[in-house]
Amino acid sequence: MTGPQRTGPLTRIPAGYKFAFLFGASLGIYAVTHLGVQVAVFVLASAAAVLTRTPVARLVRMLLGLVVIVGIVFLTLGFTTTWEAAAVSALRLLSLCLFAYAVSLSTTFSEMLTLFERLLAPTRHLGLNPAQMSLALSMTIRFIPQIRSQYLEVREAQFARGLHNSPLAVLVPLLVRSLESAQQIAAALDARCYDSTPPPRRRAPATD
């Protein structure tokens, strides 16, 4: 569940700092409207993605769908507002997604789990279980890229069979694969006797 070993400069940065930077960047990117600044931020975000040392082919596959969506947004805004405003909006989306990819690709599952459990620790006083919530949140973030990769594989396979205009031909196999992955993860958790519920505290023996 920890995934492949990651290398690169970003892996040495604590997970807390990376997620704090991502949160601050998401606010700062949308606060800036200057095109030149957005270009500089996009270059920085691209460099961060490259520093994860992810294979170029995999990185391109991850970004291909995003580029198509951003391209549609750019054209729509360009015809309805101004091309400069459209460029700013497109660069915002690309930069934010690149930063998010960089953080996700350079942070292991165990690091995310530890960070979220520490951040959610105060919810224990509300009767919630921080360990269970951090596990769910970490798994959601970690497996979003995997589901997307499965979607691209299924789509390419169905296109090769000539099923270009059948959404069900893509969605059904994708749903089956996702359920199989979820079942495998559940079986792995059961095999490891995972129990995130803290053991009850033993009462001290009464003394006379």
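**Figure 1. Leucine 75 in helix 3 of the predicted model.** Helix 3 covers residues 56-80, and leucine 75 is part of this helix.

**Figure 2. A nonpolar patch on the surface.** The patch consists of Leu75, Phe79 and Trp83. Together, these residues have about 360 Å² of accessible area. Phenylalanine 79 has a relative accessibility of 65% and counts as exposed, whereas tryptophan 83, at 40%, counts as partly exposed.

**Figure 3. The aromatic pair of phenylalanine 74 and tryptophan 83.** The structure holds 4 aromatic pairs. In one of them, the rings of phenylalanine 74 and tryptophan 83 lie 5.4 Å apart, centre to centre, with an angle of 50° between their planes. This pair is tilted. Phenylalanine 74 is partly exposed, with a relative accessible area of 28%.

**Figure 4. The aromatic pair of phenylalanine 79 and tryptophan 83.** The ring centres of phenylalanine 79 and tryptophan 83 are 5.2 Å apart. Their planes meet at 70°, so the pair is edge-to-face; an angle over 60 degrees is required for this class.

**Figure 5. One aromatic cluster of three residues, Phe74, Phe79 and Trp83.** Trp83 pairs with Phe74 in a tilted arrangement and with Phe79 in an edge-to-face arrangement. Phe79 and Trp83 also belong to the nonpolar surface patch, together with Leu75.

Notes. Residues numbered from 1 in each chain as written. Predicted model: local features only at pLDDT ≥ 70, side-chain atom pairs only at ≥ 80, totals over all residues. Heavy atoms only, no water. Phe/Tyr/Trp six-rings, centres within 6.5 Å; stacked < 30°, edge-to-face > 60°. Buried < 20%, exposed > 50% of the residue type's maximum accessible area, 1.4 Å probe, protein only. Patch = residues over 30% accessible without salt bridge, like charges linked within 9 Å, V, L, I, M, F, W, Y side chains within 5 Å. Areas by Shrake-Rupley, 256 points an atom, 1.4 Å probe, with all protein chains shown as cover. Salt bridge = Lys/Arg side-chain N within 4 Å of Asp/Glu carboxyl O. Helix = DSSP H or I, 4+ residues; strand = E, 2+ residues; numbered from the N terminus.
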